[in-house]
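Okay, thanks for coming, everyone.

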Amino acid sequence: MPYADVNGLHLYYEEHGEGPPLVLLHGGLMTIDLNFGVALPALAGHHRVIAVELQGHGRTADVDRPPTFPDFAADVIALLDHLGVERADVVGFSVGGLTGYELVISYPGRVRRAVVASADHRNDRAGEADPARLPTPDDFEAMRDAYVVTAPDPSAFDAVAQKTSGLVQSFTGWTDDQLRDVQVPVLILVGDTDFIHVENAAEAMRLLPQGQLAVLPGTTHMDLARSTLLAPVIEAFLA
């Protein structure tokens with residue numbers, strides 16, 4: 001299994017298919033398979049897919065480093081350097097989508113196009129999430145099961161979950177001006193019953209100079225990762 005030793009991490013990644021490089025970044029507490037198992041085979045038909053498991057997720061062991069989106073983005077860039085990839089498309093879901101925002105803001109020259117799925121650029125919307133829109137107990141059980149099967153330390157799930165929750169709750173978000181400065185095309189993708197509200201996604205789309213918006217019908221946050229519409233929507237935007 002391929003790993004890259006970057007920034008103090010033994011970072012796990014997979015490559016599938018041939019074509020223009022496409023980086024896939026999973027959601028919090030997820031693995032490559034759990035997040036992209038439905039979409040990845042279709043995407044690999046037209047792209048060199050580089051799927052990454054971020055710090056403390058899946059086969060990438062946690063390290064004594066507080067997780068931050070700047071560090072996650074720097075890890076992705078270091079992996080691209082390791083692979084000799086100068087510029088890539090990026091698709092990120094949830095925590096991976098927030099990492100995607102960091103990439104287009106901090107490393108615009110390394111990203112051709114980006115899909116930010118189920119992630120909000122602001123972090124001051126407390127109290128908006130309807131419990132019916134959130135991951136279910138079955139979703140969390142699937143995350144735990146996937147972690148136990150893949151992680152170097154299967155017993156560390158609860159610790160990683162606590163760190164990931166702290167990361168999402170504490171990050172400051174990005175300013176309107178930072179989004180206005182993004183000069184690469186970005187697709188904001190949400191489900192119509194995502195806990196990222198459609199109007200908030202539309203706000204980001206309007207701020208981004210080359211922003212687009214797609215809303216999947218009848219789709220919650222976790223449904224989006226499993227949707228058979230995910231790959232076709234991504235392909236249409238990247239093309």
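Predicted model: local features only at pLDDT ≥ 70, side-chain atom pairs only at ≥ 80, totals over all residues.

Residues are numbered from 1 along each chain as its sequence is written, and side-chain values use heavy atoms, with hydrogens and water left out.

So, helix α3 (69-83) and helix α4 (95-106). Their axes come within 9 Å and cross at roughly 75°, so α3 and α4 are roughly perpendicular to each other. Helices here are DSSP runs of H or I, at least four residues, strands are E, at least two, and both are numbered from the N terminus. On the α3 side, the contact (heavy atoms within 4.5 Å) uses Phe69, Pro70, Phe72, Ala73, Val76 and Ile77, and α4 brings Val95, Leu98, Thr99, Glu102 and Leu103.

Now compare α5 (137-150) with α6 (157-170): these axes come within 10 Å and cross at roughly 125°. That makes the pair oblique. Phe140, Met143, Arg144 and Tyr147 of α5 meet Phe157, Asp158 and Val160 of α6.

What about the inside? A nonpolar core, for us, is a set of buried Ala, Val, Leu, Ile, Met, Phe, Trp, Tyr and Cys residues joined through side-chain atoms within 4.5 Å. Buried means under 20% relative accessible area, exposed over 50%, and partly exposed in between, using a 1.4 Å probe and protein chains only. The largest core has 46 residues, and Val23, Ile50 and Val186 touch the most other members. Helix α3 supplies the largest share, nine residues. Skipping neighbours within four places in sequence, the contacts of Val23 include Ile50, Val76 and Leu80. There's also a second, separate core of 35 residues, with Phe36, Ala44, Val160 and Leu224 among them.

Last stop: which loop holds Pro20? The one between β2 (9-16) and β3 (21-25). Pro20 is partly exposed, at 45% relative accessible area. Not counting residues up to four places away in sequence, Pro20 touches His46, His47 and Arg48. Its C-alpha is separated by 8.2 Å from that of Val49, 29 residues apart along the chain.

Terms used. Axes fitted to C-alpha atoms, helices over the stretch in contact; angles between N-to-C directions. Parallel < 35°, antiparallel > 145°, perpendicular 65-115°, else oblique.
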